[in-house]
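User: I'm new to reading protein models. Could you walk me through a couple of features?

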Amino acid sequence: MKRKALSMVLASAMTLSMIAGCGGNGGADTATDTTEKTETTETTESTDSAETTEETATEEAATEEAAPTADVSSEGEHELSVYAWDENFNIPALKAAEKAYQTVDPEFTLNIITQSGSQDVEQAVTLAAAAGDFSTLPDIVLFQDHYIQKFVADYPDAWQDIDDAGIDWSNLGAEKISYSTIGGKHYGAPVDNGTAIFAYRTDILEQCGYTLDDVTGISWDRWLEIAKDVHDQTGMAMLSMDHSGDDLPYMMLQAEGESQWTDNTTPNLVGNDKFKKIIEVIVQGANDGSIILANSWSEYTDQTIQGDQVAGVMNGNWIIPTIEQVADNSGKWAITTLPTIDGGKEGYAANGGSSLYVTANCTKPELAKAFLAYTFGGGDGAIETYDAALTDGGVITTCISAGKSDVYAKGVDFFNGQAIYADIVEMGSHVPVIQQSDFHYNLRTLVNTLITNVQNGNDIDSEIQAAQEQIEFEIAGSQN
Amino acid sequence: MKTGKSVTAKQKTAGWMFLAIASIMIFIFSFYPMVSALIMSFKTGSAASMKWANPITFNYTRMFQDKTFMKSVGNTFLYLIIQVPIMLVLAILLAQLLNNKDLKFRGLFRTMVFLPCAISLVSYALIFRTLFATQGLVNMTLMNMGLISENINWLGQTDTARFVIIFALIWRWTGYNMVFFLAGLQNIEYSVYEAAKIDGATGWKTFWHITVPLLRPVIIMTFIMSINGTLQLFDESVNLTNGGPANTTITMSHYVYNNAFGTGVANFGYASAMSFFIFILVAILAFINLKVGDTRD
């Protein structure tokens, strides 16, 4: 009996060490496999692709080593370190900024430390804050817009504001800046532009007897008709989305100037007619076969978009490089704005994107602010920075003055000569600022669940009620 | 060298010295985190400013009102009830087959069955996701064989998504358990079988009355390990289905992870509390198993 008791204790100890020791997660394996598990923790977030909206390339890349870290203390006078994560997107933009700033400070170097994904940066901040030691952070971090409000609220000591950097904030997209303005103070300088586009295959539309004008400024009901017609004639869907991180409801509501929130912690779902209508449109489209709700990010990009299953793509403009991967479709695409519920006007929305933030660990805030103001903030180096960022990384600016350069005005062959970059900057200036919430991603998960349940035949009103109750439950829990 | 200690006393001291290093390490890296996780499970707030929950059991009562967590508990038990028995029965049968002395290419077959275990959990989950994608290989094969008329959305529907997870688990872990059974089978004297044969036992009777009872300790061990593993199921839920559709395939550990690291929440207190709930479940199930299985004293 004694031996049995001992073995029980040992067995429990092993189990517990797996649960507690691995930060609260375990796999279907035994103690022998713990090395595999540490890898898992690092990759899991990558598969939750919609959080990593911008980094399609890194989505499935399994990192086997810990992300590289910064050592601010050993830096020179003219050196800044920064975390960023996409070799094909935001890192070229940072390199462009470094080069631009060297015209005023020839000794300046920007030490870009590549992370495997945006979640690495988020975890670095979380861990530094939990340990109460910010010395592991670099001077500047690139951070996802939808997360920053919560991270500033949760860890106010981790950041330094850049209110006095001398940036002309009105020259930057108002909607973009609304994310990085917290408690009336500016914390971030924008890098990219999340303005949503609706890209259509004009050849398919023509084949079915439609033009780009026929799908611009229309109502969603009319859009559903056209989409059904296109689907019946060609078998192609008009739209697809990764349903494991579905941003359609958010974008469609923003185009109405409506939010899923009345304030940061009060959801606005029950009794929100526009929200209900949008859910109905998505479910109707999915049932018609004109909207494909893919099961994962890779299915969304690789199969629906690049596999020629759709005649339309609606997402943040960072989806453009994904569309451009299919060289055969060059010249067949064109971009326009979003439909709206009532029609008769064009819809503008934004989705995803990130900005640069100065951390508490930065010992040279003056240099950091001067650098950000001169380059991404719209200063004298802005045009040089953003032009190179666009050519090298496809990063589109929200800076209105920089969007007027020659590079931006050039037509793009893939989009049949349309000057899409200038168009996107212009569209970005119309995006309505809507109420955001720290619980954006929590609610997104619940709305995805809601859509699936309604698709399976459940009553829409009771599902909306259930989603509202669940998000209220989650908010109440984190506010105790 | 006169220390006044006897040889036995010296040996004892040396023994404790050798033990000390490992013990201290275990205390620092295992027991200390466990205790701090327990303390943390009574706190709320973000990682930087955690405070005691009000009431103190807030996280523990909260999880029982949390519909998503309850759903994840249900999902995990569903996997447990369906997958573990199928897998263990398959593993015993395979072990029995591959233990046959006269079988040719025994080594090759054993390696083939065991090979899935050599694959990282993340990679195999991602490969299964690709195989079972709507335009994936499985659908294509079934289509070309004429078994289905249109692509099945495997990962997009609750039942099929759960099936894929269970199927993947069986594929990944059967060989692993089979190895234990093979080892157990090799400990059974061949003379026992010969005696049974002389007494006129058929193949099935031999299996049921000799192999299974003699394998009992191994069966109990694999059972506990499988229950433990399934209750902590994580990789498949995250990488194969991402918990979807509509959270109907999410596991407990996945939900714990989501609360700690996912969706920018960092609710470590609540996540720790749920981890302790899983721990208690595992302990109870392991205890029942030991009680039921062990008839020695």
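**Strands and a sheet**

Analyst: Let's start with an open sheet of three strands in chain A, in the order β13-β8-β14, with antiparallel pairing. Strands are DSSP runs (E, at least two residues), as helices are (H or I, at least four), numbered from the N terminus; two strands pair if DSSP finds at least two bridges between them. This is a predicted model: local features need pLDDT of at least 70, side-chain atom pairs count only at pLDDT 80 or more, and totals for chains, interfaces and linings use all residues. Residues are numbered from 1 along each chain as its sequence is written, and chains are lettered from A in the order in which they are written.

User: How many bridges join β8 of chain A to β13(A)?

Analyst: Five, with β8 (residues 196–201) running antiparallel to β13(A). In β13(A), A:Gly312 is the bridge partner of A:Tyr200.

User: Which domains does chain B have?

Analyst: Domain bounds come from an automatic or database domain assignment; here it gives domain 1 (7–52) and domain 2 (65–293) of chain B. Nine residues of domain 1 of chain B are in contact (C-beta atoms, placed from the backbone, within 7 Å) with seven residues of domain 2 of chain B. On that side of domain 1, α1(B) gives the most, with three residues.

Definitions and conventions:
Two residues are in contact if their C-beta atoms, placed from the backbone, lie within 7 Å.
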